[in-house]
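This briefing sets out the strand arrangement, selected backbone features and aromatic contacts of one model. The points are grouped by topic for reference alongside the coordinates.

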Amino acid sequence: MQEEEAADYSRYLGNWDTLSNGAYIRVVIEKAEGKWISGRAELESLSSGRVSSAVFSGEADEAGRIVCEFEDDGWGAKGVVGLEFSGERIHLTIKETGYSEDHTGEWSIGNIDQWLEKEDG
C-alpha cells in the first residue's frame, strides 16, 4: 500500500505581513520541505524602527499548525510561537512566557494574535 503524499507547504515561502497598532508584524518562511517549516516572526515598531524576532522550526500537524518555543526575541523575551496555515493566509500567535535576567520586555515581541497576508512582489 502506498503512503499518502505529504502535504507541501512550499507555497508559503516568503514574507507574510500586516500593519497593526503602530507595528509591522511579519512572518518570513525561509524553508518549507513537505510539512517541515522554518523561519521567523518579527515585530517592527514604526515609531522607533526596533525589531524583535522569534525563530521557529517544526513539522505542521494534520490541521496545518506548528507550535514552537523561542528563547530570545533579541530583547530578552521568551515564549511560544504558533502558526496556522490556512489557504492564502497565516494565523500567527505569540505568547510571551517571561524575560531573561536584566530585561524588562520593553522592546519585546509581545503577545500577538494576527492573520497575515502574502506580501506583494
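This is a predicted model: local features need pLDDT of at least 70, side-chain atom pairs count only at pLDDT 80 or more; totals for chains, interfaces and linings use all residues.

Rings of Phe, Tyr and Trp, the last taken by its six-membered ring, count as a pair if their centres lie within 6.5 Å. On that basis, Tyr9, Tyr12, Trp16 and Phe85 are linked by ring pairs into a cluster.

- In general, strands of a sheet pair through backbone hydrogen bonds, either parallel or antiparallel.

- Strand 5 is joined to strand 6 (residues 77-86) by six bridges, and the two run antiparallel; Phe70 stands opposite Gly79 in strand 6.
- Strand 6 pairs with strand 7 (residues 89-99) in the antiparallel sense over 10 bridges, and here Glu84 stands opposite His91 in strand 7.
- The hairpin of strand 6 and strand 7 has two residues between the strands, and Gly87 in this hairpin takes a positive phi near 60 degrees.
- Strand 7 and strand 8 (residues 112-118) run antiparallel and are joined by six bridges; Ile94 stands opposite Ile112 in strand 8.

- Asn21 is found in the loop between strand 1 (14-20) and strand 2 (23-33).
- Although Asn21 is not a glycine, its phi is positive, at about 50 degrees.
- Asn21 has a relative accessible area of 81% and is therefore exposed, the cut-off being over 50%.
- Gly39 belongs to strand 3 (residues 36-45). With a relative accessible area of 3%, Gly39 is buried, because that class covers values under 20%.
- The contacts of Gly39, leaving aside residues up to four places away in sequence, are Val28, Glu30, Ala54, Val55 and Phe56.
- Between Gly39 and Asn21 there are 18 residues of sequence separation and a C-alpha to C-alpha distance of 23 Å.

**Aromatic pairs**

- Five aromatic pairs are found in a search of the whole structure.
- Tyr9 and Phe85 form an edge-to-face pair, with 5.4 Å centre to centre and 70 degrees between the planes.
- Because Tyr9 lies in the segment before strand 1 and Phe85 in strand 6, this pair ties together parts that are 76 residues apart in sequence.
- Both Tyr9 and Phe85 are buried.
- Tyr12 and Trp16 form a tilted pair, with 5.5 Å centre to centre and 35 degrees between the planes.
- Tyr12 is buried at a relative accessible area of 1%, and Trp16 likewise counts as buried at 2%.

**Arginine over tryptophan**

- Arg50 lies over the face of Trp107, at 4.2 Å from the ring centre.
- Arg89 lies over the face of Trp115, at 4.2 Å from the ring centre.

How values were computed
Residues are numbered from 1 along each chain as its sequence is written. Side-chain values use heavy atoms; hydrogens and water are left out. Two strands pair if DSSP finds at least two bridges between them. Helices (H or I, at least four residues) and strands (E, at least two) are DSSP runs, numbered from the N terminus. Buried means under 20% relative accessible area, exposed over 50%, partly exposed in between (1.4 Å probe, protein chains only). Contact means heavy atoms within 4.5 Å. Rings of Phe, Tyr and Trp (its six-membered ring) pair if their centres lie within 6.5 Å; planes under 30 degrees apart count as stacked, over 60 as edge-to-face and the rest as tilted. A charge sits over a ring if NZ of Lys or CZ of Arg is within 6 Å of the ring centre and within 35 degrees of the ring normal.
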